Each structure stands twice: as C-alpha cells, then as structure tokens.
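Here is a short report on one protein model. It covers salt bridges, a sheet and a pocket.

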Amino acid sequence: MNLVLHHDGRDLTAVVTPSGDGFVVTIDGREVRVEGSFGPFMRVRIDGKPVEATVRREGTDLVVERDGVARAFRVRDPRAPALGRRREAADLTRGEVHAPMPGLVVDVLVRAGDSVETGQPVVVVEAMKMQNALTAPLAGKVSSVAVQAGTAVETGALLLAIRPDEG
C-alpha cells in the first residue's frame with residue numbers, strides 16, 4: 001500500500017508491505033520493520049525496539065500520540081492527489097462523506113432516506129488493520145449511498161451524501 005502522509009506542511013511518502021506477523025514500512029526511503037498489536041492502542045516493536053502509542057481518527061486526520069506528544073497526519077492515496085486534498089470544510093457544506101484513505105467498507109450503518117445527526121457514525125472503513133467509523137458531517141437525510149459492505153475504496157471516494165436539514 002502506497003500512501004502520502006501530510007504533516008507539518010510537507011508530504012511524506014510511505015510504502016506499507018505486509019511481512020510475516022507485521023509490516024515493512026518505508027517512509028521517504030527509510031525502511032523499518034513493525035510488529036506487534038495494532039489498533040487504537042498499539043504496542044509494537046519498530047526494528048526490535050518496543051513502542052507504545054495511541055492512534056485515533058479526528059476528521060480526516062490520523063492522530064498518533066506517543067510519550068504525551070500528539071502528531072496529526074492527513075493520509076491520502078498518491079494515485080488520487082486531487083481528491084485527497086479536498087478540504088473537510090467543503091465536505092461539511094456539501095454533506096458528503098468521502099473515504100479518508102484506501103480501505104475496505106466493513107459496514108454501512110445508514111440507508112438512503114434515513115435521518116442522521118451531526119457526528120453520527122454512518123460508514124465503517126477498515127484500513128491498515130484499523131476500523132474507522134466515519135461520521136455524518138451535518139444533520140439531515142441520507143440522499144444516496146454509493147458503497148456497500150465489502151466495497152474496496154480509494155482515498156477521496158464518495159461513500160454517501162446527506163441533504164442538510166432545512167431550517
């Protein structure tokens with residue numbers, strides 16, 4: 001899996017390759033082996049050195065916190081640079097939910113015509129062995145659902161659209 005991680009105003013190129021019980025991760029040409037327990041709380045070994053960190057999603061950013069320091073990364077697929085750079089604020093206005101990274105849709109929690117509240121989980125996407133519940137950017141009615149469980153998606157793919165509540 002090839003990714004671009006945007007952090008502190010610059011793009012980092014990352015290649016993640018499954019290897020045995022872990023991954024080989026190459027970031028800007030530097031290769032490390034990562035093994036361990038992955039999820040919201042990670043206990044891993046990076047090149048044999050133990051590392052503990054938490055990982056959480058905040059909007060389209062992936063926030064990694066280690067030793068009390070949080071770092072936010074915007075993840076995008078290098079094959080879809082224009083869509084990956086779409087601003088979250090624009091998605092809020094349009095009521096669209098896009099895939100923040102390449103992955104597999106695990107569950108669609110709403111159907112066309114359902115009413116949703118701001119922040120309500122609507123789609124679950126699995127990427128890099130983590131399940132991410134994507135939430136409604138605004139309150140309204142789901143006007144269309146473009147994916148179903150089992151759909152592979154790329155960064156920026158439209159997952160569903162919400163027509164804002166009037167009023």
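## Salt bridges

Arginine 66 is partly exposed, at a relative accessible area of 40%. Aspartate 67 is exposed, at 69%. (Buried means under 20% relative accessible area, exposed over 50%, and partly exposed in between, with a 1.4 Å probe and protein chains only.) The two side chains meet in a salt bridge, 3.8 Å from N to O. A salt bridge here is a side-chain nitrogen of Lys or Arg within 4 Å of a carboxyl oxygen of Asp or Glu. Side chains of opposite charge can pair when their charged atoms come close.

The structure holds five salt bridges. One of them joins arginine 10 to aspartate 28, with the closest N and O atoms 4.0 Å apart. Arginine 10 lies in strand S2 (residues 10-19) and aspartate 28 in the loop between strand S3 (22-27) and strand S4 (30-37), so the pair ties together parts 18 residues apart in sequence. Aspartate 28 is partly exposed, at 44% relative accessible area. Glutamate 52 forms a salt bridge with arginine 43, with the closest N and O atoms 2.8 Å apart. Glutamate 52 counts as partly exposed, at 42% relative accessibility.

## Basis of the model

This is a predicted model: local features need pLDDT of at least 70, side-chain atom pairs count only at pLDDT 80 or more, and totals for chains, interfaces and linings use all residues. Residues are numbered from 1 along each chain as its sequence is written, and side-chain values use heavy atoms, with hydrogens and water left out.

## The sheet

Four strands form an open sheet in the order S9-S16-S14-S11, with antiparallel pairing. Strands are DSSP runs (E, at least two residues), numbered from the N terminus. Two strands pair if DSSP finds at least two bridges between them.

S11 and strand S14 (residues 140-145) run antiparallel and are joined by two bridges. Serine 115 stands opposite lysine 141 in S14.

## The largest pocket

The largest pocket has a volume of about 1100 Å³. A pocket is an open set of points on a 1 Å grid over the protein atoms alone, where a 1.4 Å probe fits, with protein on both sides within 12 Å along at least five of seven lines. The volume is the space filled by probe spheres set on the points.

Lining residues have an atom within 4 Å of a point. There are 32 of them, and Val25, Ile27, Met42, Ile46 and Val64 lie nearest the pocket centre. By class, the lining has 26 nonpolar, one polar and five charged residues. Ala, Val, Leu, Ile, Met, Phe, Trp, Tyr, Cys and Pro count as nonpolar, Asp, Glu, Lys and Arg as charged, and the others, Gly among them, as polar.
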